[in-house]
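Open the model in your viewer and keep the selection panel to hand. The stops below go from the metal site to the molecule beside the protein side chains.

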Amino acid sequence: MSQKRIAIFDTTLRDGEQSPGCSMDLPEKVRMARQLETLGVDIIEAGFPIASDGDFAAVEAVASECRKVTVAALCRTSEMDVVRAATALQKAAHPRIHTFVATSDIHLEFKLKKSRSEVIEMTRQAVSMARNYAEEVEFSAEDATRSDVEYLCEVLDTAISAGASIINIPDTVGYTMPSEFSRLIQIVNERVVRDRDVVISVHCHNDLGLGVANSLAAVEAGARQVECTVNGIGERAGNASLEEIVMAMKVRADKLPFETAIDTQQLYATSRLLSTIIKTEVQPNKAIVGRNAFAHEAGIHQHGVISNPLCYEIMTPESVGVPANSLVLGKHSGRHALGLRYSELGYSLRPADLEAAYHRFTDLADRKKRIYDQDLIALLTPATRADWVPTAAVTEAPRRIAGVGLM
Ligand code: KIV
Ligand code: ZN
């Protein structure tokens, strides 16, 4: 099966950063942008320049620093917005102006106070103006999934005729269902894109926990750009999570014959960097990057994993970048080294708990070659685990204890 290329549009620095508790200062945004470039995203949406001087400066700085990726700046449809975005992108090697307007009746009536024909005109003007500044213009129909489909198609057609080469269909309020969204993407493809050289993009929020499922359904239906964020941060319940989308396509390539340019071994480091910067941990059971994502607590699972990891692991920790550790536990240093690692991970064990954990550890180490921090955590009793306090070590990548063997 030939693999079709999906562009990854990262909006961690814009949609993600604008959500409560996720703000970043300029050096942090640049640091994150550099890591996103290393990760291999195709587009970094670096900010909304009209929103604040900080956003303007961030777009400018990311555009100067990141020369390999496309750098996008968001703007509404007014002239001032478009010019501000274009100015912030002046130094970009590959600039993209991303302009948007809402298309649902509820937004038109209560937010924009505009008629349908006025919004069509705003779309035409904004896209044409943006094309005077940038070759690449993306148009988003905000609240597309609650818009009248005929009208949505008319607005998208206007944007394409005015020069947009990427049309984005956001599920702004995280309302749609995979089958419904898939049908919408097919309709847009058949009625609007037809044989024109235009990319359909999707941008799914996670209010019903369906952001990733909806994005993947859209890709199967013809979307070729996915907008997403690291750790799924974003407005309200967040955006579709980058790491989940990428790994779903990689692990289930049999069902999803698509490829991205993401270096999946950078996923963990990218997630850790973001958590460190915004001082917010992902939930322990978060898919792909959660601290328990590869831990096997139940004895029956441990047994299966030891015999053959494929029993319960559909991807290896290494494939997402959980790095190895050179710590070797020996007969004499065992308890001490183990206790030290536990305290680095945020668990200070009383002597009796350490003794019990040590026995469970040696038992596991006898049977399992690679022991991860997640395994160590799983060896603790629930009461000990509940006493966890965040430490510097858990903001770094968890490490694998390699070469374990009791002498
Ligand atoms: O959720 C949304 O609709 C957006 C657009 C600006 C793309 O973030
Ligand atoms: Zn959004």
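Select the zinc ion (ligand 2) in this predicted model; its donor residues follow the sequence spacing D-x187-H-x1-H. Because Asp15 sits in helix H1 (residues 12-16) and His203 in strand E8 (residues 199-204), this pair ties together parts that are 188 residues apart in sequence.

Now show the donor atoms. They are OD of Asp15, NE2 of His203 and NE2 of His205, and they lie 2.0 to 2.1 Å from the zinc ion.

Color by accessibility next. Are Asp15 and His203 buried or exposed? Asp15 is buried, at a relative accessible area of 2%, and His203 is buried as well, at 5%.

Move on to ligand 1 and select its surroundings: Arg14, Asp15, His98, Phe100, Ser140, Glu142, Asn168, Pro170, Thr172, His203 and His205. The zinc donors Asp15, His203 and His205 are included in this shell. By class, the shell has six polar, three charged and two nonpolar residues.

Display the secondary structure. Which elements each supply at least two residues of the shell around ligand 1? They are H1, strand E5 (95-102), strand E6 (136-142) and strand E7 (166-171).

Finally, check the distances from oxygen atoms of ligand 1 to side-chain N or O atoms:

- Thr172: 2.6 Å
- Asp15: 3.0 Å
- His203: 3.1 Å

On its own, ligand 1 has 260 Å² of accessible area, and the protein covers 95% of that.

Terms used: Residues are numbered from 1 along each chain as its sequence is written. Chains are lettered from A and ligands numbered from 1 in the order in which they are written. This is a predicted model: local features need pLDDT of at least 70, side-chain atom pairs count only at pLDDT 80 or more; totals for chains, interfaces and linings use all residues. Side-chain values use heavy atoms; hydrogens and water are left out. Donors are N, O and S atoms within 2.8 Å of the metal (3.2 Å for Na, K and Ca); water is not among the atoms, so sites may look incomplete. Helices (H or I, at least four residues) and strands (E, at least two) are DSSP runs, numbered from the N terminus. Buried means under 20% relative accessible area, exposed over 50%, partly exposed in between (1.4 Å probe, protein chains only). A residue is near a molecule or strand if one of its heavy atoms lies within 4 Å of it. A polar contact is a pair of N or O atoms within 3.5 Å; within protein, one must be able to donate a hydrogen and the other to accept it, and residues adjacent in sequence count only if both atoms are side-chain atoms. Accessible areas come from the Shrake-Rupley method with a 1.4 Å probe; for residues, only the protein chains shown count as cover. Ala, Val, Leu, Ile, Met, Phe, Trp, Tyr, Cys and Pro count as nonpolar, Asp, Glu, Lys and Arg as charged, and the others, Gly among them, as polar.
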